[in-house]
Amino acid sequence: MKGNICPICGGMKVASTTSFTVDYNTGVVVIRNVPAKVCTQCGEEWISDRTAAKLEKIVSVSKKQRQEIFVARFNNYSLAS
Ligand SMILES: [Zn+2]
């Protein structure tokens with residue numbers, strides 16, 4: 001269970017979801033329902049490498065939409081608009 005202890009405060013990390021926001025020159029991309037581990041004590045969030053790689057792809061696709069605010073869902077990003 002060592003992997004579930006928060007290295008910052010010693011609290012418990014639990015599987016949860018979070019929102020990921022990228023602010024760039026012409027707009028903001030918000031990705032919701034991103035799977036993450038969240039510390040129940042201090043609120044720090046961890047995203048796996050695999051999740052981070054998918055987030056990068058979603059952001060690059062979302063930027064092409066050229067909307068001021070683009071909201072995507074992590075599990076269904078290609079259909080969100
Ligand atoms: Zn913590």
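Reader: Where is the place of asparagine 33?

Author: Good one to start with! This is a predicted model, where local features need pLDDT of at least 70 and side-chain atom pairs count only at pLDDT 80 or more, while totals for chains, interfaces and linings use all residues. Residues are numbered from 1 along each chain as its sequence is written, and side-chain values use heavy atoms, with hydrogens and water left out. Helices (H or I, at least four residues) and strands (E, at least two) are DSSP runs numbered from the N terminus, and asparagine 33 sits in residues 27–39, which is strand β2.

Reader: What is the phi of asparagine 33?

Author: Asparagine 33 is partly exposed, at 31% relative accessibility (buried is under 20% relative accessible area, exposed over 50%, partly exposed in between, using a 1.4 Å probe and protein chains only). This residue isn't a glycine, yet its phi is positive, at about 60°.

Reader: And what about phi of arginine 66?

Author: Look in the loop between α1 (49–63) and β4 (69–73), and you'll find arginine 66. Arginine 66 is exposed, with 70% relative accessible area. Again this is not a glycine, but phi is positive, near 50°.

Reader: Which residues are the protein donors of the zinc ion?

Author: Donors are N, O and S atoms within 2.8 Å of the metal (3.2 Å for Na, K and Ca), and since water is not among the atoms, sites may look incomplete. Along the chain, the zinc donors follow the spacing C-x2-C-x29-C-x2-C. Each gives its SG atom, lying 2.3 Å from the zinc ion, and they are Cys6, Cys9, Cys39 and Cys42.

Reader: How many residues apart in sequence are cysteine 6 and cysteine 39?

Author: Both of these zinc donors are buried: cysteine 6 has a relative accessible area of 3%, and cysteine 39 comes in at 3% too. Cysteine 6 lies in the segment before β1 (13–24) and cysteine 39 in strand β2, so the pair ties together parts whose separation in residues is 33.

Reader: Is cysteine 9 buried or partly exposed?

Author: Cysteine 9 is another of the zinc donors. With a relative accessibility of 31%, cysteine 9 counts as partly exposed.

Reader: What is the site of the zinc ion like, tetrahedral or irregular?

Author: Four donors count as tetrahedral if all angles lie between 85 and 135 degrees; four count as square planar and six as octahedral if opposite donors are over 155 degrees apart and all others between 65 and 115; anything else is irregular. Ideal angles are 109.5 degrees for four tetrahedral donors. Here the angles among the four donor atoms run from 100 to 114°, so by that rule the site is tetrahedral.

Reader: How many disulfides does the structure hold?

Author: A disulfide is a covalent bond between the sulfur atoms of two cysteines. Here it is counted as a pair of cysteine sulfur atoms within 2.5 Å. The number of disulfides in this structure is zero.
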